[in-house]
Amino acid sequence: MVFRSVSNEKDLRLCVVMVGLPARGKSFISQKIIRYLSWLSIPSKCFNIGTYRRDLGITEPNFQFFSFTNEENFQLRERAMKLAFDDILKWFNDENGVVAVLDATNSTNERRKWIKKHCEQNNIHPMFLESYCNDNDLISSNVVDIASTSPDYEKVTLEQAKVDFWKRIDEYKEVYRSLSLEMDQDISFVKLINVSDEIIINKIQTYLESRIVFYVMNIRIKPKCIWLSRHGESIYNLEQKIGGDSDLSERGFQYAKKLKGIVKENAGNVELSVWTSTLKRTRQTAQHLPYKKKLQWKALDELDAGVCDGMTYEEIEEIYPDDFKARDDDKYEYRYRGGESYRDVVIRLEPVIMELEGQENVLIITHQAVLRCIYAYFMNVPQEESPWMSIPLHTLIKLEPRAYGTKVTRIKANIPAVSTYKDKGTSHVGERLETGSGAHSLLTGTPEIKK
């Protein structure tokens with residue numbers, strides 16, 4: 001295998017072309033790729049054929065619409081695909097896109113040849129990514145997930161949706177041809193067999209392609225929950241100081257004791273892996289949790305405030321006024337003197353994200369800036385917004401990744417704690433209304449909040 005290094009990811013325009021039967025996790029993988037690349041500041045966008053088909057007025061199709069023997073319906077689906085491809089070209093040309101993901105079955109050799117030809121004619125490199133699955137339990141789980149969340153089935157019962165979707169799969173099986181080294185040796189492709197049981201890679205030549213391949217190799221499609229919590233209130237929080245390695249306050253220790261019951265009540269008997277930073281306040285928060293797997297990650301340590309470590313925002317504004325303003329102007333990119341920026345935190349969190357994707361159920365206890373970066377990854381929050389999100393103390397956040405988004409639930413411990421949120425343009429630390437930043441659930445619109 002030959003790898004050609006790309007010095008700048010923007011030197012390459014890449015179209016990841018999904019392949020596979022329905023209910024094989026293609027949309028899930030597509031959304032994951034986009035979130036991962038966007039999180040790393042690589043301009044990326046997903047183009048879902050189902051969305052274009054619905055834009056053509058086919059909003060409640062039954063399985064017969066997907067029959068390949070019905071020429072009229074077939075042409076409608078082809079039109080949806082070409083509309084999506086036109087938008088891909090427009091996005092690359094007008095918005096300097098780098099990675100487009102074409103989310104569709106692309107189940108026939110003829111369709112894939114058309115895509116390859118038109119990509120190459122427009123200086124776009126196509127990389128085909130097939131999710132091949134014959135694991136009936138996994139397929140059945142995906143069918144339930146899609147039947148309950150797809151816009152196609154909003155007006156029918158779950159049972160009706162499931163029956164129809166199984167029949168839709170049968171229609172695609174009639175024409176589906178899987179990728180193979182024998183028949184497709186001239187194209188770049190990755191074939192995931194039962195998600196991660198076996199992986200076939202062919203003609204992956206660039207750094208950007210290999211980075212995507214490495215990422216998808218770590219994805220698991222099985223349902224899981226990610227639990228997030230800040231450490232309990234600390235002495236530094238009470239003193240309005242940033243950084244440091246202080247102990248928990250009295251109320252912080254109360255949260256640590258109560259967290260065991262909150263997690264048990266909401267996670268049930270699931271055996272969680274508990275990840276903390278190396279700092280005392282996160283380890284103290286996790287001390288009463290009964291789970292055997294507890295890991296400390298240096299990568300989960302709080303954003304390094306450099307020379308400002310241990311200072312209040314008022315002190316920073318007084319001593320380093322230019323830095324204070326520069327950070328407010330571009331909080332994501334600003335790097336503390338001798339410290340870090342939010343972008344730096346994202347870079348060091350990448351191995352954590354890779355490991356997290358391969359795990360089933362994890363509870364992460366860490367710090368405000370770090371949780372903002374992790375939350376932004378799962379919720380696809382724009383970089384410029386992520387440093388301003390509200391992640392309050394003494395609140396457990398439950399994330400449930402789904403095919404069409406991530407559901408978020410915030411569970412409050414009802415133990416008072418100071419607010420550490422600083423709004424833009426002020427050095428004051430205080431309470432903030434939950435308006436936009438805490439409402440990035442792609443499925444629910446606003447987070448479900450339990451008290």
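This is a predicted model: local features need pLDDT of at least 70, side-chain atom pairs count only at pLDDT 80 or more; totals for chains, interfaces and linings use all residues.
**A strand pairing and a helix crossing**

Glu400 stands opposite Lys407 in strand 12.

Strand 12 covers residues 405-412, and its pairing with strand 11 is antiparallel, with 8 bridges. Strand 11 itself runs over residues 395-402. Strand 11 also pairs with strand 7, which spans residues 226-230; this pairing is again in the antiparallel sense, over 4 bridges. Within it, Ser229 lies opposite Leu396 of strand 11. Is strand 11 mostly covered or mostly uncovered? Of its 8 residues, 7 are buried, which leaves the strand mostly covered.

The next stop is a pair of helices. Helix 5 is formed by residues 136-149 and helix 6 by residues 158-173. Their axes come within 9 Å and cross at roughly 120°. Because of that angle, helix 5 is oblique to helix 6; the cut-off for roughly perpendicular ends at 115 degrees, and that for roughly antiparallel begins over 145. The crossing of helix 5 past helix 6 is right-handed.

Which residues make up this contact? On the helix 5 side they are Ile139, Ser140, Val143, Val144, Ile146, Ala147 and Ser148. On the helix 6 side they are Leu158, Ala161, Lys162, Phe165, Trp166 and Ile169. By residue class, the contact of helix 5 with helix 6 has 10 nonpolar, 2 polar and 1 charged.

Notes
Residues are numbered from 1 along each chain as its sequence is written. Side-chain values use heavy atoms; hydrogens and water are left out. Axes are lines fitted to C-alpha atoms, for helices over the stretch in contact, and angles run from 0 to 180 degrees between N-to-C directions. Helices (H or I, at least four residues) and strands (E, at least two) are DSSP runs, numbered from the N terminus. Angles under 35 degrees count as roughly parallel, over 145 as roughly antiparallel, 65 to 115 as roughly perpendicular and the rest as oblique. A crossing is left-handed if the near helix is turned anticlockwise from the far one by less than a right angle, and right-handed if clockwise. Contact means heavy atoms within 4.5 Å. Ala, Val, Leu, Ile, Met, Phe, Trp, Tyr, Cys and Pro count as nonpolar, Asp, Glu, Lys and Arg as charged, and the others, Gly among them, as polar. Buried means under 20% relative accessible area, exposed over 50%, partly exposed in between (1.4 Å probe, protein chains only). Two strands pair if DSSP finds at least two bridges between them.
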